[in-house]
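I opened this entry to keep a record of what I looked up, in the order in which I looked.

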Amino acid sequence: MADIPGTGAKPLLSLHNINMTFGGIKALKNVSFEVLPGEVHCLAGENGSGKSTLIKIITGVYRPEDGAVIEYDGQTYSHMSPVTAQASGIQVIWQDLALFPEMTVAENIAFQTVIGRWPRFVNYRTMHDIAVKALKRLGVALDVDAPLKDYSIAQRQIVAIARALVGEAKLVFMDEPTASLTQSETDHLIEIVRSLSASGVAVVFVSHRLAEVLEISNRLTVLRDGALVGVYPVEGMTQSRVTELMTGKNFDQQVRAKSVRDNPIVLEVKRLSRPGQFHDISFNVRSGETLGITGLLGAGRTELALALFGMLKPRSGSVSLHGKPVRFSSNRDAIKAGIAYLSEDRLSLGLIQPQSIADNLVIASLDSIKSGGLLSDDRKRQLVARWIADLGVKIGRQSDAVSTLSGGNQQRIAIAKWLATDPKLLILDAPTVGVDVGARAGIFEIVAKLAESGLAIILISDEVPEVYFNADRVLHMAQGQIAGWFDPQSCSLQEIEAAVYA
Amino acid sequence: MNTAVNRIKEFLGPEIAGPGLAFVAVMLFFSLASPQFLSSATFGSVAFQLPELGLLTLAMLLPVLTGGLNLAITFTANLAGLTVAWVLQANGGVDASMASFVLGCILAIAVGAATGVVMGLVIAYTRAHPILVSLSMMIFVRGLGEFLTRGGDISGFPAFLQPIGHGSLAGIPIPLLIFIVCVLVWHVLLTRLKLGFNTYMIGSNIDAARYSGVNTRKVLVLVYTLSGAMSAVAGIIMLARFNSVRVGHGESYLLITVLACFLGGVNPFGGFGRVIPVFVALVVLQLLSSGLNLMGANQHLATAVWGILLIAVMILRWLAAQLMIFNRRKG
């Protein structure tokens, strides 16, 4: 391995010659990885690139194949065990946090300190003190005696970090830490990571939200298909360059925006409000237009979409479709009227994961596969085959569970489900969540074709580049209100990002 | 030719493997163990006993497919039987007319459906757990029935009821014919109607089904209503078979119906399962009990063997799943 660029420091952790095979598939091929003491390091790669496998080797969950060399804090190992990893200060904060919601903050932070001690009594006083001390170190004030479930995801994450600190962490891995945080919460997390780093704790970020990672990290390790692509200083790195490294493909995106001012208006929203969620929202979407809506998590984007889809009732304001005012008592009315809503949560709301590809595709348009009043298997097969061909979905059999598909193919099935209802307006809420970077372009290709065919589309995303490159107009929502409009043809990506992250 | 094979496969479903194997095993075992097993007497006894448990199992099947349960089926059947009995008694008892019997049946099915409507509404709107809701309904229906009958039997029915319980048509027992008709109705409902389709979807993920535009409340109410109505049909057959009605008749069938669904490959958490494999599973259970009976075993032993069979099925399923994973790893 070459020297770490720009440093002379001795690494805290260094791995060499790491190989791992699962069922004939090489998950890691001769990978090396190094972390310096106190640095913030980003581990980047697509799903399946081997990031999690690597972390599990470092934390002792998996044992690498023979020949591996793991050097940590001056000691050499051929493999780690979970006990040695923890005892020597390696901590992982998993994406799901692995906390106990029903227990108190103090118990969550300090429970590891009382495990396995003899006599087997729990000293709540000590736990309380340990927890208070750990939170103080993070500069956070939480009521440690309150149950964890009273706190938000962001605060729970801080609890998880505090727990890691109690274990005298020298090296902390954070798996997708910002996935469910708002911007201000993310900012706070970044502050905490900086202070950890300053106090000598090394932090490794595993994230696909590149913007934040690039803001905070010192160095970047990229994995692709189980192999090391390289180690880079973050200085001067751009998001598109990282994407290119992760996928091995060049995604120089072009602004697709076009003028659709002459097309007829499909959806007209006037002064729509729902207390506590969105306020005084007015806009229209024309046939063939893609309207981008961006804003931070909690800006009211999804609530607005659900109101248009008939699943939330607005308190005041009006919605008209093709000039006719509409009022929906449920999403069934909205679907009948020609509105389709692709949920942001594909796993639990967008698709019925255990059921078949075919059934997921036809669920919203059962009337179209009837023959003589009964559902026809033949017509179902034909309809599914047509959509799968149209959208270029790669599937095995129609009867396979939809959960067997990759994120990108699942999303195509979800889109096909709504297209089968013959909608006039398609609302896409975060359509690339859980879709590999490489497959995202394919999704937007479909979106562009649909717009071309005259469909009105609302594209909701918290990733500003997605709406910038793929929408004709961009609406910025903040705190439930319209904060601004942007035209991608006449403004830069940075302008919108500056406004959104202000 | 190929399409015909596919049609049959489609009709039977992939869940047929378990009950199909069990059927072959039971047939083989008893044919070898007892020379009288392969006789018309055995099949006569199976054919007459199958419908009671079978109809109740159909009543249980729909809620199970939605990921729920209807524990009120047996007492709903009793209450429906009582309804018929009262109508007959009010119209002359032994001398009651055919018309009054038909009226009684209609009212009985309405009573059964009513219990289902109430359960369905409560489950759909409060999202209370079906076990609790149907358990409450079960206790209510049982209490009501016992209160109205003071715990006694009602008997003394017109003679034309006899064939419904014990007669045959073209060599096929009438209760069995009614049961087969109900099986086919359920099969069509689940495979060819929107209600059936949505039942499966709700069973797997009710929220995702709602987001896809399924009227989940309506589906749940209809499922429990049909379950109640089917319980009532079971109650009417039981009345004709025993020539009397008592609250508590068929009580022991309740949990067997859940197990029959399971033996028939129905996913206990909902979303997957077909009628035909459940039918085969019921035949297996009944053959087992008749076969043991024939060999001179006690009826209670037969029940114990049912339990063992189901445990064996669970272990075999687990083994089969392990084998599949193993093969996939190798492949």
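**Aromatic rings**

I began with Phe30 of chain B, which is buried in this predicted model, its relative accessible area being 2%. I then looked up Phe29(B), which is partly exposed, with a relative accessible area of 49%. I call Phe30(B) buried because its 2% falls under the 20% cut-off. Searching the whole structure, I found ten aromatic pairs over all chains; among them is the pair of Phe29(B) and Phe30(B), edge-to-face, with 5.1 Å from centre to centre and 80° between the planes. I also noted a cluster, linked by ring pairs, that holds Phe309(A), Tyr341(A) and Trp418(A) together with Tyr211(B).

**A sheet in chain A**

Next I traced an open sheet of four strands in chain A, whose order is β12-β11-β14-β15 and whose pairing is antiparallel. I found its edge strands to be β12 (278-286) and β15 (324-326) of chain A, each of which pairs on one side only. I noted that neighbouring strands of this sheet are turned by 20° against each other on average, direction ignored.

**Confidence**

Last, I checked the pLDDT of chain A, where the mean is 87 and 94% of the residues reach 70 or more. Over residues 1-6 of chain A I found the pLDDT below 50, although this stretch has nine contacts in the model beyond near neighbours in sequence. Where pLDDT is low, the predicted coordinates should not be read in detail.

Note on methods: Residues numbered from 1 in each chain as written. Chains lettered and ligands numbered in written order. Predicted model: local features only at pLDDT ≥ 70, side-chain atom pairs only at ≥ 80, totals over all residues. Heavy atoms only, no water. pLDDT = per-residue confidence, 0-100. Contact = heavy atoms within 4.5 Å. Pairing = 2+ DSSP bridges. Helix = DSSP H or I, 4+ residues; strand = E, 2+ residues; numbered from the N terminus. Axes fitted to C-alpha atoms, helices over the stretch in contact; angles between N-to-C directions. Phe/Tyr/Trp six-rings, centres within 6.5 Å; stacked < 30°, edge-to-face > 60°. Buried < 20%, exposed > 50% of the residue type's maximum accessible area, 1.4 Å probe, protein only.
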